[in-house]
Amino acid sequence: MPKIADIVLPDFPLLLAPMEDVSDPPFRALCKEQGADVVYTEFISSEGLIRDAAKSVIKLDIYEKERPVGIQIFGAELDSMLQAVDIVEKSNPDIIDINFGCPVKKVVCKNAGAGILRDIPLMVKLTSEIVKRTKLPVTVKTRLGWDSDSIKIVEVAERLQDVGIEAISIHGRTRVQMYKGFADWKPIAAVKNNPRMHIPVFGNGDVDTPEAAVRMRDDFGLDGAMIGRASIGNPWFFKEVKHFFETGTHLKPPSMEERVEAARRHLQMAIDWKGEKLGVFETRRHYTNYFKGIPHFKEYRMKMVTSDDAADVFAAFDEVLEKFGNYQFA
Ligand SMILES: Cc1cc2nc3c(=O)[nH]c(=O)nc-3n(C[C@H](O)[C@H](O)[C@H](O)COP(=O)(O)O)c2cc1C
């Protein structure tokens with residue numbers, strides 16, 4: 001069974017990927033309830049943390065019920081990263097994750113995120129210093145390489161392991177690919193097959209069906225799957241995959257009642273966390289996904305995403321249940 005340092009995980013664990021504006025405490029709690037074995041925060045800027053920027057600091061909030069939880073940081077300046085590690089430690093996460101995979105221009109142009117894939121010595125140095133700075137297990141999330149001509153992930157993963165990381169998650173795309181094309185899991189399998197590797201190697205990218213998770217496990221031999229987009233609006237995905245592993249059959253899609261209940265709990269947790277105004281505002285982006293594909297739903301979605309008052313949104317959920325309670329999801 002894979003372990004991240006002392007954290008023992010089940011066979012082929014499922015990890016909730018760090019996702020900006022998605023992997024917040026309410027969403028992480030819902031995914032955890034539905035079977036995610038490890039959850040990660042969205043990425044947090046090391047520069048933002050050391051400036052005490054409220055937007056970054058609030059992202060450090062974690063709750064007992066979501067453990068084991070990793071806090072992900074990004075940056076490229078050694079000093080800032082080390083100071084950020086000290087700040088992150090105070091939140092007492094189970095894991096500190098370093099983001100070496102974000103492809104966004106404003107991040108890579110500062111050499112952070114996937115930008116560091118153009119400077120492997122710096123990547124190794126930063127990682128080494130972070131590992132030395134903290135007693136917490138450090139994990140890395142990265143991509144295959146900068147572009148298709150510079151895929152050195154087998155060597156990179158080994159060097160990161162040698163400076164002390166406890167697990168690596170690899171998105172099977174290069175930075176240049178951004179999110180285009182398909183994730184290639186072959187180079188990730190090559191990392192796993194390197195006889196010198198002894199830490200868990202988690203695969204990431206396009207695990208969007210239970211069958212894909214089975215392929216990643218059985219055909220590619222990876223230690224677990226990190227799941228991103230397939231969980232958005234669908235925290236049940238973790239349960240679906242585990243059910244498929246156990247039985248080889250598909251679970252029925254969640255009913256309208258389960259979806260409304262998830263939306264309701266999501267909103268309530270967001271309000272408890274950030275207060276009514278922000279809770280109502282920030283949960284809006286999730287409703288479309290919870291209620292995808294329902295005909296003649298616009299009127300109700302509009303109520304959910306335009307009301308500033310939590311009571312109105314909760315009332316809209318009641319109406320949805322009344323009107324669409326028997327809707328059969330495909
Ligand atoms: C909305 C969104 C936000 C993301 N934010 C982050 C992030 O904060 N940190 C990170 O390492 N990756 C981030 N990613 C990348 C995902 O963690 C993951 O690597 C990618 O979506 C591929 O996995 P998937 O095919 O399962 O979605 C983000 C992806 C999406 C779609």
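Helices (H or I, at least four residues) and strands (E, at least two residues) are taken here as DSSP runs, numbered from the N terminus. The structure is a predicted model, in which local features need pLDDT of at least 70 and side-chain atom pairs count only at pLDDT 80 or more, whereas totals for chains, interfaces and linings use all residues. Residues are numbered from 1 along each chain as its sequence is written, and side-chain values use heavy atoms, with hydrogens and water left out.

An unreviewed UniProt entry lists residues 15–313 as "domain: DUS-like FMN-binding"; UniProt positions are given in the numbering used here, feature names are shortened, and annotations may be inferred rather than shown by experiment. Over residues 15–313 the chain is 45% helix and 14% strand, with the end C-alpha atoms 30 Å apart.

Strands of a sheet pair through backbone hydrogen bonds, either parallel or antiparallel. Strand S4 (residues 38–45) and strand S5 (residues 69–74) run parallel and are joined by five bridges, and Ile44 stands opposite Ile73 in S5. Contact means heavy atoms within 4.5 Å; axes are lines fitted to C-alpha atoms, for helices over the stretch in contact, and angles run from 0 to 180 degrees between N-to-C directions.

Most residues other than glycine have a negative phi, and most peptide bonds are trans. A cis peptide bond, with omega of about -5°, joins Arg67 and Pro68, and Pro68 is found in the loop between helix H3 (54–57) and S5. Met178, although not a glycine, has a positive phi of about 50° and lies in the loop between S8 and H8.

Helix H1 (residues 25–33) packs against helix H11 (residues 256–274) at an angle of about 135°, their axes being 8 Å apart. That angle makes H1 oblique to H11, given that angles under 35 degrees count as roughly parallel, over 145 as roughly antiparallel, 65 to 115 as roughly perpendicular and the rest as oblique. H1 passes H11 in a right-handed crossing; a crossing is left-handed if the near helix is turned anticlockwise from the far one by less than a right angle, and right-handed if clockwise. On the H1 side the contact is made by Pro25, Pro26, Phe27, Ala29, Leu30 and Glu33, and on the H11 side by Ala262, Arg265, His266, Met269, Ala270 and Trp273. The residues of this contact of H1 with H11 divide into nine nonpolar, one polar and two charged, where Ala, Val, Leu, Ile, Met, Phe, Trp, Tyr, Cys and Pro count as nonpolar, Asp, Glu, Lys and Arg as charged, and the others, Gly among them, as polar.

Helix H12 (residues 276–290) and helix H13 (residues 298–306) pack at an angle of about 160° with axes 8 Å apart, and H12 and H13 are therefore roughly antiparallel to each other. Their crossing is right-handed. Arg284, Tyr287 and Thr288 in H12 meet Arg301, Met304, Val305 and Thr306 in H13, a contact of H12 with H13 whose residues divide into three nonpolar, two polar and two charged.

H13 also packs with helix H14 (residues 310–324), at an angle of about 165° and with axes 9 Å apart; H13 and H14 are therefore roughly antiparallel to each other, and their crossing is left-handed. Tyr300, Lys303 and Met304 of H13 make the contact with Val313, Ala316, Phe317, Glu319, Val320, Lys323 and Phe324 of H14. By class, this contact of H13 with H14 has seven nonpolar, no polar and three charged residues.

Glu158 is found in helix H7 (residues 153–162) and touches Asn194, Arg196 and Met197, not counting residues up to four places away in sequence. Glu158 and Ala316 are 158 residues apart in sequence and, C-alpha to C-alpha, 52 Å apart in space.

Technical notes: Two strands pair if DSSP finds at least two bridges between them.
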